[in-house]
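Student: I have a structure on my screen and would like to learn how to read it. Could we go through it feature by feature?

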Amino acid sequence: MAFVKFTIGNGLRSVAPVPQPVSPAFSVSNLPIHPFDISSNGETKVAVSLRLYVSYDDLSSQDAFQYALCDVNNVVVYEGQILIDGTTYLNWGTSGDANQEAYAIAANILNITLV
């Protein structure tokens, strides 16, 4: 699910879902990443996409993204949560595409490369 961030009359910020077309390669909530190996319980899997959604936003100073790194079959290989606040939060969405910026922020924090 894509989302758009906007400011309403009294200066409060809001996040609203935006319908997106489904890509044949990835679901609407996944973006391809530079593949890398993840080892867990003695098994190595390859992460090829990043799934991201907003799990919490106080609409003024902080946000939490839930993320999942998925394999070629869109099966979750690893998942976690990213917290953003401060300047990162305040600047998120200022370019006009909050969705792409959210993925860029997450990729930077996770030290992965979007492709």
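Student: Let's start with the sheet. What is the order of its strands, and is the pairing parallel or antiparallel?

Tutor: The general idea comes first: strands of a sheet pair through backbone hydrogen bonds, either parallel or antiparallel. Here, in what is a predicted model, 4 strands make an open sheet with the order β3-β4-β5-β6, and their pairing is antiparallel. At the edges sit β3 (30-40) and β6 (76-85), each of which pairs on one side only. On average, neighbouring strands of this sheet are turned by 30° against each other, direction ignored.

Student: Now the individual pairs. How many bridges join β3 and β4?

Tutor: There are 8 bridges between β3 and β4, in the antiparallel sense. For a landmark, find D37, which stands opposite V46 in β4. These two strands form a hairpin with 2 residues between them, and N41 in the turn has a positive phi of about 55°.

Student: And how do β4 and β5 pair?

Tutor: Strand β4 (residues 43-57) pairs with strand β5 (residues 62-70) over 8 bridges, again in the antiparallel sense. Look for V54, whose bridge partner in β5 is F65. This hairpin has 4 residues between its strands, and L59 in the turn shows a positive phi of about 65°.

Student: That leaves β5 and β6. How many bridges join them?

Tutor: β5 and β6 run antiparallel and are joined by 9 bridges. Q62 has D85 as its bridge partner in β6. Their hairpin has 5 residues between the strands, with N74 taking a positive phi near 65°.

Student: Which strands does helix α2 lie across?

Tutor: Helix α2 (residues 98-110) lies across β3, β4, β5 and β6, and runs at about 130° to β4. Leaving aside neighbours within four places in sequence, A106 is in contact with L50, L52 and I82. Take the pair A106 and L50: they are 56 residues apart in sequence, with 9.0 Å from C-alpha to C-alpha.

Student: Is A106 buried or exposed, and why?

Tutor: The cut-off to remember is that buried means under 20% relative accessible area. A106 counts as buried because its relative accessibility is 0%.

Student: Which residues have the most contacts inside the largest nonpolar core?

Tutor: That core has 20 residues, and those with the most contacts inside it are L50, L52, F65, L69, I84 and W92. Two or more residues come from each of β3, β4, β5, β6 and α2. The largest share, 6 residues, is from α2. To see one member's surroundings, select L50: beyond four places in sequence, the residues it touches include N30, L31, I33, Y67, L69, Y103, A106 and L110.

Student: What about the aromatic rings? How many pairs are there?

Tutor: The count comes to 3 aromatic pairs. One of them is F65 with W92, which is edge-to-face, with 5.3 Å centre to centre and 85° between the planes. F65 lies in strand β5 and W92 in the loop between α1 (86-91) and α2, so this pair ties together parts 27 residues apart in sequence. F65 counts as buried because its relative accessibility is 0%, and W92 counts as buried because its value is 1%. F65, Y89 and W92 form one aromatic cluster.

Student: F65 is in β5, so how many residues of β5 are buried?

Tutor: In β5, 7 of its 9 residues are buried, so this strand is mostly covered.

Student: Let's zoom out. How many helices and strands does the protein have?

Tutor: The protein has 2 helices and 6 strands. Along the sequence the pattern is β-β-β-β-β-β-α-α. Of the 115 residues, 34% are buried. Among contacts with a separation of 6 or more, 39% are between residues 24 or more positions apart.

Notes. Residues are numbered from 1 along each chain as its sequence is written. This is a predicted model: local features need pLDDT of at least 70, side-chain atom pairs count only at pLDDT 80 or more; totals for chains, interfaces and linings use all residues. Side-chain values use heavy atoms; hydrogens and water are left out. Two strands pair if DSSP finds at least two bridges between them. Axes are lines fitted to C-alpha atoms, for helices over the stretch in contact, and angles run from 0 to 180 degrees between N-to-C directions. Contact means heavy atoms within 4.5 Å. A nonpolar core is a set of buried Ala, Val, Leu, Ile, Met, Phe, Trp, Tyr and Cys residues joined through side-chain atoms within 4.5 Å. Buried means under 20% relative accessible area, exposed over 50%, partly exposed in between (1.4 Å probe, protein chains only). Rings of Phe, Tyr and Trp (its six-membered ring) pair if their centres lie within 6.5 Å; planes under 30 degrees apart count as stacked, over 60 as edge-to-face and the rest as tilted.
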